[in-house]
Every structure is written in structure tokens, then in C-alpha cells.
Amino acid sequence: MDTHKTYTVEEAKRALERYCAYQERCHKEVQDKLRGMRMIPDAIDAVIVHLLDHNFLNEERFAKAYVRGKFKFKHWGRNRLTLELKRRQISRFNIQIGLKELDALDYYGTFDALAARRCEAIKESNTYKKRKKLADYLLYRGWESPMVYDKIKELIP
């Protein structure tokens, strides 16, 4: 027996308006949500068009908000931000617009502070292992390789 709730197109529109009003969403998240609600492809298209027309869904705005939020709270670098936006099927154009939200001074200042804090936290006597741990940590968070290796040479001579 199938006990999933079914939604009319109007109910789905209202539900997705609330979903998008709560926080910025990308098209992929909205499509996944609608598929989870077991909507048919035509209904999914109708709801997405409605959300776009009423400015509940905007990929450029999403990219900007995503970059600001993940940089500020998770301290992700450009590489990780780009990868995660691509994973959400954001266009290259909107990714570039989103990355422009990063202030250069803020970006490098955050990187320096993050690297120094992590270097202090690594309890490793072997210099090579310590360098590797710091590099892995910073590269995983999406910081650019040249920046990472220059900083490691500076912090762990």
C-alpha cells in the first residue's frame, strides 16, 4: 500500500515558495525536492517556472549567498567553492559572479589565520608528516596549491 502524500500543483507551489523563502536554493535542490514529493516532470517544470517568475529561485543570488556563507563559516577556498557549485549544476557564469563576492584582503587574511591556527593544532614531531597534514587540511578546504605550499614553507621551515 502506497501511503505517500500527493500534492496538487498549487500545493506544491506554496510548499516550494516556503522552501525557497527559508533560504536560497538552486534549481537542482528544488527539482530534487519536487521529485521527492513525487511530482510528474510537467508539474515540476510548472512549479519551477512559477518560482522563477516570482523571484523565489535565482541561481545568481544563490551562488553569491552560497559563496559568502561557506567562506565565512566553513572557511572554504575558491577550489572547494567552485567544485560544490558545479556539483549543484550552477553555470560557469554564475560561479564566476559568486566568486566575485570574495574580498581579496579578507580571503588572504582568512587563509593566513586558518593555516596558522591549524599548524598550531597539529601535534606532530616529524616535520614532513606535519607539512603533509597541514597541506591535506588546507587543500581539502579548497585553497589553491601554490598558496598552500608557500604558506607551509613559511610556517614549517
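Which side chain meets that of Lys151 in a salt bridge?

1. The model is a predicted one. In it, the side chain of Lys151 forms a salt bridge with that of Asp112, at 2.9 Å from N to O. Lys151 belongs to helix 9 (residues 145–155) and Asp112 to helix 7 (residues 104–121), so this pair ties together parts that are 39 residues apart in sequence. Lys151 is buried at 9% relative accessibility, whereas Asp112 is partly exposed at 36%.

2. The whole structure contains 16 salt bridges. A network of them links Glu10, Lys13, Arg14 and Glu17. Within it, the closest N and O atoms of Glu10 and Arg14 are 3.0 Å apart, and Arg14 also pairs with Glu17 at 2.9 Å.

3. Glu10 and Arg14 are separated by about one helical turn, because they stand four residues apart in helix 1 (residues 9–22). Glu17 and Arg14, three residues apart, lie in helix 1 as well. Residues three or four places apart in an α-helix point the same way, because the helix has 3.6 residues a turn. Glu10 is partly exposed at 41% relative accessibility, while Glu17 has a relative accessible area of 16% and is therefore buried, the cut-off being under 20%.

4. Leu81, in helix 5 (residues 78–87), is buried with a relative accessible area of 0%. Among the residues that Leu81 touches are Val67, Phe71, Trp76 and Leu102. The buried residues of helix 5 pack against helix 4 (59–74), helix 6 (92–99) and helix 8 (127–140).

Conventions:
Residues numbered from 1 in each chain as written. Predicted model: local features only at pLDDT ≥ 70, side-chain atom pairs only at ≥ 80, totals over all residues. Heavy atoms only, no water. Helix = DSSP H or I, 4+ residues; strand = E, 2+ residues; numbered from the N terminus. Buried < 20%, exposed > 50% of the residue type's maximum accessible area, 1.4 Å probe, protein only. Contact = heavy atoms within 4.5 Å. Salt bridge = Lys/Arg side-chain N within 4 Å of Asp/Glu carboxyl O.
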